Amino acid sequence: QVSLVESGGGLVQAGGSLRLSCAASGSNLQFNTMGWYRQAPGKQRELVARFFSDGIIDYAGFAKGRFTISRDSAKKTLYLQMNSLKPEDTAVYYCHLGRLLPMNIDYWGQGTQVSVSS
């Protein structure tokens, strides 16, 4: 079992920055992908950024140049640095860990609210 706990959300003005953290715990933290998703009201959950197990990073188009995903393996923590925030970045941000073996399974955190005022 894996537990993911996000923190760092809040209210910020447009142009501001926030740093989200995701603390992971559990007996097996191996992953195929680990990253951040977001869901705005009335919209589907979408990828923000993720790590693949080989270290490759994948960013959504809207995140490139503004957001940076990173991780501290020793602290078992995933980060998302968000700069130049826009009102359209307002959403609940979720941490995700996906594993394919021995079975396909997805773990999600409870989410942290990010609100950007204009």
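**View 1. Arg38 and Asp89 form a salt bridge whose closest N and O atoms are 2.9 Å apart.** A salt bridge here is a side-chain nitrogen of Lys or Arg within 4 Å of a carboxyl oxygen of Asp or Glu. The pair links distant parts of the chain, with Arg38 in strand β4 (residues 33–39) and Asp89 in the loop between β8 (77–82) and β9 (91–99), 51 residues apart. Helices (H or I, at least four residues) and strands (E, at least two) are DSSP runs, numbered from the N terminus. Arg38 and Asp89 are both buried, where buried means under 20% relative accessible area, exposed over 50%, and partly exposed in between (1.4 Å probe, protein chains only). The model is predicted, so to say by record: local features need pLDDT of at least 70 and side-chain atom pairs count only at pLDDT 80 or more, while totals for chains, interfaces and linings use all residues. Arg66 and Asp89 are both buried. Through salt bridges that share partners, Arg38, Glu46, Arg66 and Asp89 are joined into one network.

**View 2. Arg50 and Asp58 form a salt bridge, with 3.1 Å between the closest N and O atoms.** Arg50 counts as partly exposed because its relative accessibility is 22%, and Asp58 is likewise partly exposed, with a relative accessible area of 24%. The count of salt bridges in the model comes to 4.

**View 3. Cys22 and Cys95 form a disulfide, with their sulfur atoms 2.1 Å apart.** A disulfide is a pair of cysteine sulfur atoms within 2.5 Å, and by this rule the model has 1 disulfide. The torsion about the S-S bond of Cys22 and Cys95 is about -80°, so the disulfide is left-handed. The bond links distant parts of the chain, Cys22 being in strand β3 (residues 18–26) and Cys95 in strand β9, 73 residues apart. Both Cys22 and Cys95 are buried.

**View 4. Four strands form an open sheet with antiparallel pairing, in the order β1-β3-β8-β7.** The edge strands are β1 (2–7) and β7, each of which pairs on one side only, and the twist averages 15° from one strand to the next. For such angles, axes are lines fitted to C-alpha atoms, for helices over the stretch in contact, and the angles run from 0 to 180 degrees between N-to-C directions. Two strands pair if DSSP finds at least two bridges between them. Strands β3 and β8 pair in the antiparallel sense over 6 bridges, and the bridge partner of Cys22 in β8 is Leu78.

**View 5. Strand β11 (residues 112–117) has a covered face and an uncovered one.** The covered face holds Thr112, Val114 and Val116, whereas Gln113, Ser115 and Ser117 are on the uncovered face. In a regular strand the side chains alternate between the two faces of the sheet. Strand β2 (residues 10–13) runs parallel to β11 and is joined to it by 4 bridges, with Val116 as the bridge partner of Val12. Strand β9 runs antiparallel to β11, to which 3 bridges join it, and here the bridge partner of Val92 is Gln113.

Terms used. Residues are numbered from 1 along each chain as its sequence is written. Side-chain values use heavy atoms; hydrogens and water are left out.
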